[in-house]
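Open the model in your viewer and keep the selection tool ready.

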Amino acid sequence: MFAVLMLILMILGGAWDLCTRHVPNWISLSVILVGFANGICSDLPWPLWIGGGVAVFLLLGIPAMLGKGVGGADVKIGVGLGFFFGFPDVLGVLCLSFLLGLFVWVLRRREPTIPLVPYMLFAGVVYACSM
């Protein structure tokens with residue numbers, strides 16, 4: 001059930017990010033809540049699913065605070081995915097999303113920045129299907 005909710009929210013967030021380069025807070029916060037609820041109900045020990053959210057916050061939050069091309073929605077949605085997948089699985093999702101984003105950026109080269117949420121969506125689906 002949580003996987004379906006997360007997929008719907010990520011599709012909404014990814015589409016919104018592609019179209020407007022902005023993800024509404026209600027989507028970002030819903031992703032965090034669904035990820036947190038999934039963590040509570042999962043068999044994963046709580047330090048691992050909490051650690052997933054904290055790891056993403058540290059990896060994405062610090063560059064966002066420094067203004068280095070990571071947006072607030074990227075951080076919030078990443079934290080939700082961290083709660084959802086847990087540690088260390090969320091690191092695989094982030095690596096895949098960064099690689100996909102880099103690949104598309106190299107191909108397009110028209111924009112200095114790219115929306116990260118759609119790549120997080122794709123990476124999360126690919127990672128979940130491979131488990």
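Select Ala 64. Leaving out residues up to four places away in sequence, Ala 64 touches Val 70 and Val 75. Touching here is contact, meaning heavy atoms within 4.5 Å.

A word on the model: it is predicted, so local features need pLDDT of at least 70 and side-chain atom pairs count only at pLDDT 80 or more, while totals for chains, interfaces and linings use all residues. Residues are numbered from 1 along each chain as its sequence is written, and side-chain values use heavy atoms, without hydrogens and water.

Stay on Ala 64. Its place is in helix 3; helices are DSSP runs (H or I, at least four residues), numbered from the N terminus. The cut-offs: buried is under 20%, exposed over 50%, partly exposed in between (1.4 Å probe, protein chains only).

Next, select Leu 58. Leu 58 is also in helix 3, which covers residues 46–65. Leu 58 has a relative accessible area of 47%, so it is partly exposed.

Last stop: select Trp 105, Arg 108, Arg 109, Arg 110, Glu 111 and Ile 114. These residues line the largest cavity. A cavity is a set of points, on a 1 Å grid over the protein atoms alone, where a 1.4 Å probe fits but cannot get out; lining residues have an atom within 4 Å of a point. The largest cavity holds about 40 Å³ of space, a volume filled by probe spheres set on the points, which are joined across faces, edges and corners.

Definitions and conventions: Helices (H or I, at least four residues) and strands (E, at least two) are DSSP runs, numbered from the N terminus. On a 1 Å grid over the protein atoms alone, a cavity is a set of points where a 1.4 Å probe fits but cannot get out, and a pocket is an open set with protein on both sides within 12 Å along at least five of seven lines; lining residues have an atom within 4 Å of a point.
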